[in-house]
Amino acid sequence: MTTKQLKRSDGRKANELRKMTAKVGVVPNADGSAMFSFGDTVAIAAVYGPRQLHPQHLQNPSTGILRCVYDLLSFSVYDRKRPGPSRRSNEISKVTGWALEPAVDLDAFPNTVIDVQIYILQADAGTRTAGINAASMALAHAGIPMRDLVCSVALGKIDKDLIADLTKEEEDFKEGEGATDFAIAKLATCDEFSLLQMDGKIQPEKVKEITKMAEETCKEIYEVQKKALKDVVESDMEEKK
Amino acid sequence: MSGMEVSNLTKQTLRKMLAEGKRFDHRGLLDFRELEVSYEVSKKAEGSARVKLGKTDVVVGVKLQTGEPYPDSPDNGNLMVSGDLLPLASPRFESGPPGFDAIELPRLVDRAVRSSGMIDLEKLVIKKGEMVWTVIIDIYPINDDGNLIDAACIGAVAALMQTVMPEIDKDGKINYEKKTSKKLPLSKDIVPLLFSFYKFGDSIILDPTREEQESSDARMTFGVSDWNGQFMVNSCQKKGGSTVTAEEIAKMMDILPKKFDETMKKFKKFL
């Protein structure tokens with residue numbers, strides 16, 4: 001089933017993503033870093049490590065540990081967010097870690113930790129997915145062995161129509177079946193979903209369609225990520241010349 | 001003994017058996033343990049229930065308070081879900097600040113109940129923009145033998161269905177000792193339930209024991225309900241650092257409506 005003539009307030013087609021921008025190497029101090037944005041949502045991620053994990057008792061001699069922190073900067077939203085972790089940000093930190101972990105070869109770094117720090121500079125829906133896209137690039141930029149890049153996007157449904165990359169306004173849609181917000185992440189080149197988080201009202205058959213839509217949209221995100229990574233390698237080479 | 005982690009040997013045997021479609025307690029991979037629901041855990045609560053799934057035992061209470069509405073929803077009452085994983089219920093639970101599982105459990109129940117539309121929050125306004133009812137659902141496990149999440153949601157729904165409004169005077173002061181004849185405004189026929197699938201390699205099971213739960217690779221929790229005669233998925237959350245395929249998601253989508261009907265049938269016996 002394809003979506004009919006759906007009017008989105010910003011004129012996008014149902015499966016059209018907001019304008020994406022990506023830049024790798026935005027935090028010189030970090031081992032790897034990147035920025036990713038979907039329209040007005042801007043995420044920045046830095047990777048430190050693999051490095052010694054302290055306290056020592058947390059170390060795992062059979063594998064490295066991926067430790068993610070996600071949070072909103074206080075001024076990234078209209079109602080100032082109180083600084084420091086909240087239940088929401090704790091949960092998102094965890095699911096972000098789980099979204100990235102399948103792509104990273106942690107077994108190669110026993111006893112160590114890879115710290116991934118993700119902060120949202122400006123929030124307009126889809127912050128966790130923008131954060132995952134940024135973090136995935138930052139991990140690659142840090143030279144950490146990976147099976148694949150991770151691509152993430154918020155898909156969903158307003159009333160009966162499936163759409164990609166919801167805006168804040170669309171998330172708050174109330175009529176008919178209301179809004180369903182379905183954040184997904186998948187490994188870029190294979191059929192493996194690493195983040196699935198949703199709330200709303202959606203028929204099981206439409207969940208199946210969402211997984212197909214995810215495949216298409218993630219391809220576009222993958223291209224943006226790859227280009228940003230290529231750009232940074234090229235500009236590093238320029239500098240060395 | 002009870003405090004010990006599941007041994008690698010147990011985990012290996014468990015996985016080998018699951019791959020052959022067998023479980024330690026002889027259940028089928030998608031079978032639930034026996035469900036038991038009782039009420040009136042506390043007469044001081046506005047509503048309460050206790051749910052047993054095999055040896056897993058959870059109590060849920062609903063308290064009502066008055067408060068200000070949230071600025072972004074002046075025409076709605078508030079819903080709050082909280083609770084704690086008490087060290088009473090398992091040698092694995094520790095006192096102190098809540099760990100991730102203790103934070104996640106109420107959030108999963110919150111999302112399932114909220115997005116199903118079970119509670120008619122618009123009818124919980126006392127004075128528009130100024131005073132509304134806040135529905136607080138508190139969840140405490142008494143004994144954890146796996147699948148607390150699904151059990152907690154049944155408990156929350158059962159407790160909500162029992163909830164009776166307390167008396168309130170003109171100034172908004174509540175007299176908890178006097179219950180009115182008014183029930184909490186619920187949308188008829190909406191019963192949200194949570195189903196958590198646990199993945200072991202290529203096998204998927206429902207209603208794990210603690211042992212099974214701790215040996216699994218990943219968990220997928222779905223909130224589901226009937227809404228205007230349509231079966232709807234209301235929430236979803238994956239836990240754990242491994243992946244699921246589109247095919248596995250499709251399989252879970254096919255299982256959900258059947259399991260919902262099956263559990264509702266069992267649940268209705270206790271209503």
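Predicted model: local features only at pLDDT ≥ 70, side-chain atom pairs only at ≥ 80, totals over all residues.

**Notes on the model**

1. Helix H2(B), residues 100-116, and helix H3(B), residues 148-162, have axes that come within 10 Å and cross at roughly 50°. That angle makes H2(B) oblique to H3(B). As for handedness, the crossing of H2(B) past H3(B) is right-handed.

2. Which residues make that contact? From H2(B) you get Leu105(B), Leu108(B), Val109(B), Ala112(B) and Val113(B), while H3(B) brings Leu148(B), Ile149(B), Ala152(B), Cys153(B) and Ala156(B). Sorted by type, the residues of this H2(B)-H3(B) contact are ten nonpolar, no polar and no charged.

3. While you're around H3(B), have a look at Asn147(B), which sits in the loop between strand S6(B) (131-143) and H3(B).

4. Another positive phi turns up just after H1(B): Gly21(B), at about 80°. H1(B) itself covers residues 8-19, twelve residues in all, and spans 17 Å from first C-alpha to last, close to the 16 Å expected at 1.5 Å a residue.

5. Now the contact between the chains, to which chain B gives 30 residues and chain A gives 25 residues. On the chain B side, the elements giving two or more residues are H2(B), strand S11(B) (218-227), strand S12(B) (230-239) and helix H5(B) (246-268). S12(B) has the largest share of that side, with ten residues. What is the make-up of the side of chain B that touches chain A? It divides into 15 nonpolar, ten polar and five charged residues.

6. If you want one pair to click on, Asp199(A) has Ser235(B) in S12(B) as its bridge partner.

7. Finally, two prolines in chain A to inspect. The peptide bond from Gly49(A) to Pro50(A) is cis, with omega near 0°, and Pro50(A) lies within strand S3(A), residues 41-52. A cis bond also joins His54(A) to Pro55(A), where omega is about -5°. Pro55(A) belongs to the loop between S3(A) and strand S4(A) (65-72).

Key
Residues numbered from 1 in each chain as written. Chains lettered and ligands numbered in written order. Helix = DSSP H or I, 4+ residues; strand = E, 2+ residues; numbered from the N terminus. Expected span 1.5 Å × (residues − 1). Axes fitted to C-alpha atoms, helices over the stretch in contact; angles between N-to-C directions. Parallel < 35°, antiparallel > 145°, perpendicular 65-115°, else oblique. Left-handed = near helix turned anticlockwise from the far one by under 90°. Contact = placed C-beta atoms within 7 Å. Nonpolar A, V, L, I, M, F, W, Y, C, P; charged D, E, K, R; others polar. Pairing = 2+ DSSP bridges.
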